[in-house]
Amino acid sequence: MLDLSELAFVGQQQALLLDSILTTLFPLVPSLSALYINPSFVLSRRALYSLCERDGAANLKSLGGLTYLAPPSPTPSDDPFVRLLQCCPNLEEFEIVGQGLDPMDHDWDMPIELPSMEHFRPLKLEKLRLLSLLSMHSSPLMLALLCSSLPSLRKLTLTPYNDLPYPISLVSALITTHGQSLGSLLLFTPKSWPTRLRPSPDNLFTVAPNLRHLSLENPLPNLVLLEPHNLQILSIPRPRADAWPMLERLFPFLPRLCVVRARDVRWIRKGISSVALDTGVQGEMREWRRRLARRKIRLLDADWNEESLA
C-alpha cells in the first residue's frame, strides 16, 4: 500500500516532482494493491498510464484521492481514467474528485449529445464494492460506469445535480442504473467557496429499494415513499425545524429505521451551560432527540455518538 493522503501540497514545483517520482516508481512495485493520494495533487496522463500499464496492474484493489480532469474528447476510450479501470479488473474501491461546476454557470441552453457507445467495451469491475464520484456531474468516466455492469457495488457516493437534465448530468441516471444493489447511498457536496447546493432526486427509495443507509444533502428532497422500506440509518446535514415534517411523513413507511444521524453537527461536551444547550443547533438536536426517542430511534452526531457519550 502507498498512502500519500496526508502529504501536504506546497506548490506546483513539488507537485511536478511528485508526479515524476510516481511515474518512475509505479512500474517498480507490481504488487501494489492500494494507492491513496491527496486530491490537491493531480496525476498527469503520463503517471496514470504508468500506473495502469505496468506489470501487476491487476493487483490494485483500492484507489482513493484521485483528482479528475476531463479529457478533451468526450469519448470514454480516450479517457485515461477509463483506461485505468480497464486495467484493474480486481478493483474493489475507487474514489475520485471532479472539478465541480461554476456556481454561477446557468448556460445549459445548448443541446448536449452523448458520444456513441456502440463500440464501447463495458468495464469489467465485478469486484467493485465502493464507488465515490464527488463534484462530478458528467464525464466520459461516468458514462463508462453508466454503461457497465457493477454487480458487487454496495456503497455509492455522489454529488447531486438533479436540477440539470440528462445528459447534462448523469448522476441521477447512475443511481437508477446501479441502485438495485446498493446498501448505502451517500449524497454530498464538498464545501468550497462559493458553494452551490443542488437538489437531489425524490425517487431514491424507488430506484434503490435495498438501501440500509441513506445520507442526504441540502436542500433535502421531498422523498416519495408509498410502501414500506427497510432503511435503517438516515443521515441529514443537520436537524432543522422545517425538515421535521418531511421526516415525520416517512416514519410510517420506515419500520426498521433505528438511527438518524446529524452528519455535520457534534454534540457539545458536558459542562456547557443549559442555556447554550437549549438554543441554536444544539437546542434543535435535543428537541429532535426527544421526538425520535418516542419512536425508539436514536439521534447520533457526526462522530456517531449519542448525547450521553459526548
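## Gln-282 and helix H9

At 8% relative accessibility, Gln-282 counts as buried, a label for residues under 20% relative accessible area, with exposed meaning over 50% and partly exposed in between (1.4 Å probe, protein chains only). Gln-282 sits in helix H9, and its side chain reaches the backbone nitrogen of Ile-268 at 3.2 Å.

Other buried residues of H9 include Gly-283, Met-285, Arg-286, Trp-288 and Leu-292. Helix H9 covers residues 280-293, and its 14 residues should span 20 Å at 1.5 Å a residue, which agrees with the 20 Å between its end C-alpha atoms. The expected span is 1.5 Å times one less than the number of residues.

## Basis of the model

This is a predicted model, in which local features need pLDDT of at least 70 and side-chain atom pairs count only at pLDDT 80 or more, while totals for chains, interfaces and linings use all residues. Residues are numbered from 1 along each chain as its sequence is written, and side-chain values use heavy atoms, leaving out hydrogens and water.

## The sheet

An open sheet is formed by 11 strands with parallel pairing, in the order E1-E2-E3-E4-E5-E6-E7-E8-E9-E10-E11. Strands E1 (2-4) and E11 (298-300) stand at the edges with a single partner strand each, so one side of each has no neighbour in the sheet. Strands are DSSP runs (E, at least two residues), as are helices (H or I, at least four), numbered from the N terminus; two strands pair if DSSP finds at least two bridges between them.

Strand E2 (residues 34-37) pairs with strand E3 (residues 62-67) in the parallel sense over 3 bridges. Tyr-36 has Gly-64 in E3 as its bridge partner.

Conventions: A polar contact is a pair of N or O atoms within 3.5 Å; within protein, one must be able to donate a hydrogen and the other to accept it, and residues adjacent in sequence count only if both atoms are side-chain atoms.
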